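I opened the model to look up its fold, its surface and its side-chain links. My entries follow in the order I made them.

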Amino acid sequence: MKSIRYVLAISWTLIALGAIAVFGLSDDDKDIKAPDVIKKTAEECEIPAFAKAIGHEDLWLKHNGCPPREIEQKSDEK
């Protein structure tokens, strides 16, 4: 009966240590800002030549946390 107690105690200890390893104890993620909160400068959001060459300007801006470009709306109204 004692061996079952030891096995259960060791297994619960390992489960607790595993949970600490996965989830951690600190609140370090409070320092990380959401991508939409971070303001990028115009220089940081300059679209590189390779993105322009393949036509992925908007996708590059989105993945790098930059605001979307202003696309001129063509209207057929005269």
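I began with the cut-offs for exposure: a residue is buried under 20% relative accessible area, exposed over 50%, and partly exposed in between. The model is predicted, and I kept that in view throughout.

I looked up Asp58 and found a relative accessible area of 39%, so I noted Asp58 as partly exposed. I then looked up Arg69, which is also at 39% and therefore counts as partly exposed. Side chains of opposite charge can pair when their charged atoms come close. I checked the distance here: the closest N and O atoms of Arg69 and Asp58 are 2.9 Å apart, and the two residues form a salt bridge. Asp58 sits in helix α3 and Arg69 in the segment after α3, so I logged the pair as a link between distant parts of the chain, 11 residues apart. My count of salt bridges came to 1.

Which cysteines form a disulfide? I found Cys45 and Cys66, with their sulfur atoms 2.2 Å apart. Cys45 lies in the loop between α1 and α2, and Cys66 in the segment after α3; this pair also links distant parts of the chain, 21 residues apart. A disulfide is a covalent bond between the sulfur atoms of two cysteines. I read the angle about the S-S bond as -95 degrees, which I recorded as left-handed. Are Cys45 and Cys66 buried or exposed? I found both of them buried. The disulfide count is 1.

**Entry 3, fold.** I counted 3 helices and 0 strands. From the N terminus the order is α-α-α. Helix α1 covers residues 2-23, α2 covers 49-53 and α3 covers 57-63.

I looked for nonpolar side chains on the surface and found a patch made of Tyr6, Ile10, Leu14, Leu17, Ile20 and Leu25. Together these residues have about 690 Å² of accessible area.

I closed with the totals. The chain has 78 residues, and 9% of them count as buried; Cys45 and Cys66 are buried residues. I noted an accessible surface of about 7800 Å² for the chain, with 60% of that area belonging to carbon and sulfur atoms.

Technical notes:
Residues numbered from 1 in each chain as written. Predicted model: local features only at pLDDT ≥ 70, side-chain atom pairs only at ≥ 80, totals over all residues. Heavy atoms only, no water. Helix = DSSP H or I, 4+ residues; strand = E, 2+ residues; numbered from the N terminus. Buried < 20%, exposed > 50% of the residue type's maximum accessible area, 1.4 Å probe, protein only. Areas by Shrake-Rupley, 256 points an atom, 1.4 Å probe, with all protein chains shown as cover. Patch = residues over 30% accessible without salt bridge, like charges linked within 9 Å, V, L, I, M, F, W, Y side chains within 5 Å. Salt bridge = Lys/Arg side-chain N within 4 Å of Asp/Glu carboxyl O. Disulfide = S-S within 2.5 Å.
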